[in-house]
Amino acid sequence: MAAVLLGRKVGQFYPMNMSANHDGSSQPTRRRLVMVGGTLVAGFAAALIPRLSFATPEEARRLLEQLTAGRVKFGKIKLDMSSIAENGALVPIAIKVDHPMTEEDYVAAVYLIAERNPFPSILTATFTPLSGRAELQTRIRLAESQKVAAVARLADGTFWVAEQSVEVTVGGCVN
Amino acid sequence: MALKITPRLKAPATAKQGEIIEIKTIVNHPMENGLRRDLEGRLVPRNILRRFSCHYDGRKVLDVMLEPSIAANPYFGFFLKADRSGSILLRWEDESGQTESLEHVITIE
């Protein structure tokens, strides 16, 4: 099941009901989570991040159990960004994956996730051996102080993750 | 019908065979995430670029699916292995399927 979940592109924007709210109802929460993004966040988040932006921590733990098969490891990918973001509307980041880009062995995709943004999935980038380097620079929005994670999927199916804690002075999603 | 945006790019015009070159690009677009309110308090509707792609002589180099958390005026810096003279085509696509393209010709010296 983890393989099916991880096979879906994070970029497909499907709202996912993370089930129970505090009052016991099952209305979709305001934080709509992309399915794979949510499971990816749960997957590494439970290991790296003490608090999650899910309805309940139990759900996150459950998703982690569904997701893990030891498939996500630290290493290879580097997330370059400042630990303080003065302006959450414009946060420069650089993703670098230290891995060859040959025809047989290359970085297939990189996912970027902000655990506390209204839309946690930020981007999905697919590379090819023609990329030369699995690197991408861009600028993102961060709603509040949180952890940002970058996950690399290699052509051989392995996943690698890096995370960065960011203090956000002025949030960038509703200003 | 194309989007009314003006993309710009910075990339070398020439490269050596097999050289990995850097491409930088920016495009003006508000990337409205649908959560912002205007001065009257109304929600500004969502309007984002969904996709950015780079093709080199018809072959895919990079494909980025964008979400609302990409900052306004999306900027991308990335790399490409220059193996033949040809055209580098950048394309941006929004949610309605409209696209805007920018071409850059590279010559192997």
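A residue counts as buried if its relative accessible area is under 20%. By this cut-off W92(B), with a relative accessible area of 1%, is buried. The model shown in the following views is predicted.

**View 1. Phe52 and Phe78 of chain B form an edge-to-face aromatic pair.** Over all chains, three aromatic pairs are counted. In the pair of F52(B) and F78(B), the ring centres lie 5.8 Å apart and the planes make an angle of 70 degrees. The class is edge-to-face because an angle over 60 degrees is counted that way. F52(B) belongs to strand β4 (residues 49–56) of chain B and F78(B) to strand β6 (residues 75–82) of chain B, so the pair ties together parts that are 26 residues apart in sequence. F52(B) is buried, at a relative accessible area of 0%. F78(B) is buried as well, with a value of 0%.

**View 2. The rings of F52(B) and W92(B) form a tilted pair.** Here the centres are 5.1 Å apart and the planes stand at 45 degrees, so the pair is classed as tilted. This pair links distant parts of the chain, with F52(B) in strand β4 of chain B and W92(B) in strand β7 (residues 86–94) of chain B, 40 residues apart. F52(B) has a relative accessible area of 0%, and that of W92(B) is 1%.

**View 3. Ring pairs join four residues of chain B into a cluster.** The members are F52(B), F76(B), F78(B) and W92(B). Among them, F52(B) takes part in the edge-to-face pair with F78(B) and in the tilted pair with W92(B).

**View 4. An arginine of chain A lies over a phenylalanine ring of chain B.** R133(A) is placed over the face of F79(B), at 4.4 Å from the ring centre.

**View 5. A charged side-chain end sits over a tyrosine ring in chain B.** The residues are R59(B) and Y56(B), and the charged end of R59(B) is 4.9 Å from the centre of the Y56(B) ring.

**View 6. Chain A contains three helices and nine strands.** From the N terminus on, the order of elements is α-α-α-β-β-β-β-β-β-β-β-β. Chain A has 175 residues, of which 53% count as buried. Of the contacts in chain A between residues at least 6 apart in sequence, 63% join residues at least 24 apart. The accessible surface of chain A is about 7,800 Å², and carbon and sulfur atoms account for 52% of that surface.

Key. Residues numbered from 1 in each chain as written. Chains lettered and ligands numbered in written order. Predicted model: local features only at pLDDT ≥ 70, side-chain atom pairs only at ≥ 80, totals over all residues. Heavy atoms only, no water. Phe/Tyr/Trp six-rings, centres within 6.5 Å; stacked < 30°, edge-to-face > 60°. Helix = DSSP H or I, 4+ residues; strand = E, 2+ residues; numbered from the N terminus. Buried < 20%, exposed > 50% of the residue type's maximum accessible area, 1.4 Å probe, protein only. Lys NZ or Arg CZ within 6 Å of the ring centre and 35° of its normal. Contact = heavy atoms within 4.5 Å. Areas by Shrake-Rupley, 256 points an atom, 1.4 Å probe, with all protein chains shown as cover.
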